[in-house]
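Me: I would like to learn how to read a few features of a protein model, one at a time. Please give the general idea before the case at hand.

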Amino acid sequence: CVTGVHGVMESLSDSALKHIHNRSGLTVPDGRPLFWLGRLAGNRTMGPVPGEQLSLALCEKAAREGWRLFFYGGGDSVAQQLASALTDIYPGLNVVGSWSPPFRPLNANEERALIEQVKQAKPDIIWIGLSTPKQERFMAEFLPKLDTKVMIGFGAVFDYHTGRISRTPEFIRSVGMAWFYRLCCEPRRLWKRYLINNPKFVGCVLAQKLGIREYPMI
């Protein structure tokens, strides 16, 4: 799970989502606020793990090691365009399949078709490009059903690499304002996530630091 403030705040009010994060193989801090909070908690070697940078590092290693990748998510044909864009950057990348799902739960026929396609492709890693918490719930449900070793929820990374969303400038990311940049790019879709969840996150952090209330994530 590649998780930022939004995922943490959703988990505080959703015990099932919190359980998914806590039983994942690895949950990494996507964004500066969680990195800073981790450092304040005493994790001195902790660093931020932006999904966009993680995805490129993974592609580089996958091309070198011969790992088989499958892309699931995004809008119409986005997964296919992602495969094309990344194989242009990493010529040795072995993309064995892609699937652009509808904006609703899969029906029984679609689920069977996905299971069969993955069975034939035998990917080592499936990238999931849905929004949080939809992608985390999908991974928890489908990892036992699909013939693969690992799923990673990359969210907006699909749109970054296909040019649908402009990349956040590094200086904006370095000061923890990537959320504001994304809000300016997609205000209608993201206003609730950032203008409600972010202040709530700051309030929870202050309450915990002042000993007013604990917010255990386990």
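Me: Is Lys-122 buried, partly exposed or exposed, and what is its relative accessible area?
Reply: Buried means under 20% relative accessible area, exposed over 50%, and partly exposed in between, with a 1.4 Å probe and protein chains only. Lys-122 has 46%, so it is partly exposed. Its phi is positive, about 50 degrees, although Lys-122 is not a glycine. Lys-122 sits in the loop between α6 (108-121) and β5.

Me: What stands behind such values and labels?
Reply: This is a predicted model, in which local features need pLDDT of at least 70 and side-chain atom pairs count only at pLDDT 80 or more, while totals for chains, interfaces and linings use all residues. Residues are numbered from 1 along each chain as its sequence is written, and side-chain values use heavy atoms, with hydrogens and water left out. Helices (H or I, at least four residues) and strands (E, at least two) are DSSP runs, numbered from the N terminus.

Me: In what order do the strands of the open sheet lie?
Reply: Two strands pair if DSSP finds at least two bridges between them. Here four strands form an open sheet in the order β4-β3-β5-β6, with parallel pairing. β4 and β6 (150-153) are the edge strands, each pairing on one side only.

Me: How many residues of strand β3 are buried?
Reply: Five of the six residues of β3 (residues 68-73) are buried, so the strand is largely enclosed by the rest of the structure. β3 pairs in the parallel sense with β4 (residues 94-99) over five bridges, and with β5 (residues 125-129) over five bridges as well. Phe-70 has Gly-97 as its bridge partner in β4 and Ile-126 as its bridge partner in β5.

Me: Which elements make the β-α-β unit?
Reply: A crossover is right-handed if, with the strands pointing away from the viewer, the path from the first strand over the helix to the second runs clockwise. β3, helix α5 (residues 78-89) and β4 make a right-handed unit of this kind.

Me: At what angle do α1 and α11 pack?
Reply: Axes are lines fitted to C-alpha atoms, for helices over the stretch in contact (heavy atoms within 4.5 Å). Angles run from 0 to 180 degrees between N-to-C directions. Helix α1 (residues 5-13) and helix α11 (residues 187-209) pack at about 70 degrees, with their axes 10 Å apart. That makes α1 roughly perpendicular (65 to 115 degrees) to α11.

Me: Which two residues does the cis peptide bond join?
Reply: The bond joins Thr-132 and Pro-133, with omega about 10 degrees.

Definitions and conventions: Parallel < 35°, antiparallel > 145°, perpendicular 65-115°, else oblique.
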